[in-house]
Amino acid sequence: MREGWTTRPLGDVLRQLWRPVSVADIEVVPFAGVRWYAEGVYHRDDQPAVAVKTKMLNRIEKGDVVYNRMWATKASFGVVGDDAHGCLVTNDFPIFEATEAILAGFVALLFQWKPFQAAAAGAATGTTERRRLNEKEFVRLRMPIPPIPEQRRIVDLVGALDDAASRLDTFLTAANNTHDAMRRHLMAGGSGWRLAVLGDVAAPTTGRAFPARFQGRQTGEFPYIKCSDMNIEGQHRIIETAANWIDEAGRGQLGARILPAGTVIFPILGAALATEKRRLLGRPAAFDQNVMGLEPGPDLTPDFLLALMSEIRLSSLAQRGAVPSVNQSIVASIQVSVPTLDEQDRIGSLLSEAAETVTKAMASAAKLCTLRTQLLTALLSGEHAIPESYDELIGGPAHVGNG
């Protein structure tokens, strides 16, 4: 640990607070909660005071340090922001304020740090999953604390990454919306489009399960795509690889059909019916029993088939049951409008460009998230220093304060 850093119990740098509020004196109780994995304090809901059994609550204010005793093992720690300012909590949410020795923003970063989360979970006591972390154990947790100027640099640098991530997220949302709007416009139809039954222009095939003895990681030729492999937020267009593989012996022994690249695949169960459609790129693959493959015929291009399926609400066609589902006959009977192959190529090309923008933005977001995690680890452990010259970027020399 570098010079100026000290390992101190949190009780040295945090001071517990109580701001009691009598429920009898108010009409509405604005309850706050603390999200798991240090995702922040939030305004949970408003309840009529007459419906609240607890007689006394505590008010939290912006900058307060709060945690949930019952979910310390899930890193339910946070610092109050504007959203939860003035909300109320029960005694299961201890409240602290940062002293002059630490910045509230630095405390928030500590809460996101894996070593802190492990220490807090280890200090919790109890016999069930909801092991509790009482205040006495919380304030005994020892953490590395740098001088205030260095805390300020760390908070500012990580905050700059967070701002960049927020802007990228806004761009990604806009790119997704643009892609969807383009698809709806391009798929509206026109002269020269003909009506067809989907089963006449594409071949639906359901997948099958493969026993564990046939599964591995890059042990054979064919990717084996499970329904869970498709649940990647925003990756609505492409699957290039899969987490599991099957060997030729397993494929032959079970008589599984391997569908070619260009096949459109989608889950056939539950809520995923409405959203998860992908086009397989790169290599043939097999699917599990909860996935259907739709292989385009000679009158359909793969990209147009993907756009076509993305416009169909399969959930509205699902059979009723414990888990709504579709089958091959339902999919094959869907009526669709199909343009010429040249028009399909034009539509596919435009949508591919828009989808590529989304894919690149997602890749950038993933890299930024990885960089933030690595940077947080390096800075909070004291392994790397931010040079004092960085102070010029944050408005002059870092000064002692608690912002």
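This report describes parts of a predicted model of one protein chain.

## The chain as a whole

The protein chain has 403 residues, and 45% of them count as buried. Its secondary structure consists of nine helices and 22 strands.

Among contacts between residues at least 6 apart in sequence, 79% join residues at least 24 apart.

## A four-stranded sheet

Four strands make up an open sheet, and their order is β2-β10-β7-β8. The pairing in this sheet is antiparallel. Strands β2 (14–17) and β8 (77–79) are the edge strands, each pairing on one side only. On average, neighbouring strands are turned by 30 degrees against each other, with direction ignored.

Helix α1 packs on this sheet and touches β2, β7, β8 and β10. The direction of α1 makes about 160 degrees with that of β8. Within the sheet, strand β7 (residues 65–67) pairs with strand β10 (residues 95–98) over two bridges, in the antiparallel sense. Opposite V66 stands I95 in β10.

## Helix α1 against helix α4

Helix α1 (residues 104–112) also packs with helix α4 (residues 148–186). The angle between them is about 65 degrees, and their axes are 9 Å apart. The crossing of α1 past α4 is left-handed.

On the α1 side, the residues that meet α4 are G105, F106 and L109. Their counterparts in α4 are Q151, I154, V155 and V158. Sorted by class, this contact has five nonpolar residues, two polar residues and no charged ones. In an α-helix there are 3.6 residues a turn, so residues three or four places apart point the same way.

Strand β4 (residues 28–34) and strand β5 (residues 41–48) run antiparallel and are joined by seven bridges. One of the residues with a bridge partner in β5 is G33, and that partner is Y42. The hairpin of β4 and β5 has six residues between the strands.

Most residues other than glycine have a negative phi. In this hairpin, Y37 takes a positive phi near 55 degrees. A38, in the loop between β4 and β5, also has a positive phi near 55 degrees. A75 lies in the loop between β7 and β8, and its phi is positive too, near 55 degrees.

## Where Q117 sits

Q117 belongs to helix α2 (residues 114–123). Is Q117 buried or exposed? Its relative accessibility is 12%, so Q117 counts as buried, since the limit is under 20%.

Which residues does Q117 contact, leaving aside its neighbours within four places in sequence? They are Y37, A38, A75, F111 and Q112. A polar atom of the Q117 side chain lies 3.0 Å from the backbone oxygen of F111. Q117 and S76 are 41 residues apart in sequence, while their C-alpha atoms are 9.2 Å apart in space.

## Helix α7

Helix α7 (residues 302–310) is mostly covered, with seven of its nine residues buried. Those buried in α7 are D303, F304, L305, L306, A307, L308 and M309.

How values were computed: Residues numbered from 1 in each chain as written. Predicted model: local features only at pLDDT ≥ 70, side-chain atom pairs only at ≥ 80, totals over all residues. Heavy atoms only, no water. Buried < 20%, exposed > 50% of the residue type's maximum accessible area, 1.4 Å probe, protein only. Contact = heavy atoms within 4.5 Å. Polar contact = N/O pair within 3.5 Å; in protein donor to acceptor, adjacent residues only side chain to side chain. Axes fitted to C-alpha atoms, helices over the stretch in contact; angles between N-to-C directions. Left-handed = near helix turned anticlockwise from the far one by under 90°. Nonpolar A, V, L, I, M, F, W, Y, C, P; charged D, E, K, R; others polar. Pairing = 2+ DSSP bridges.
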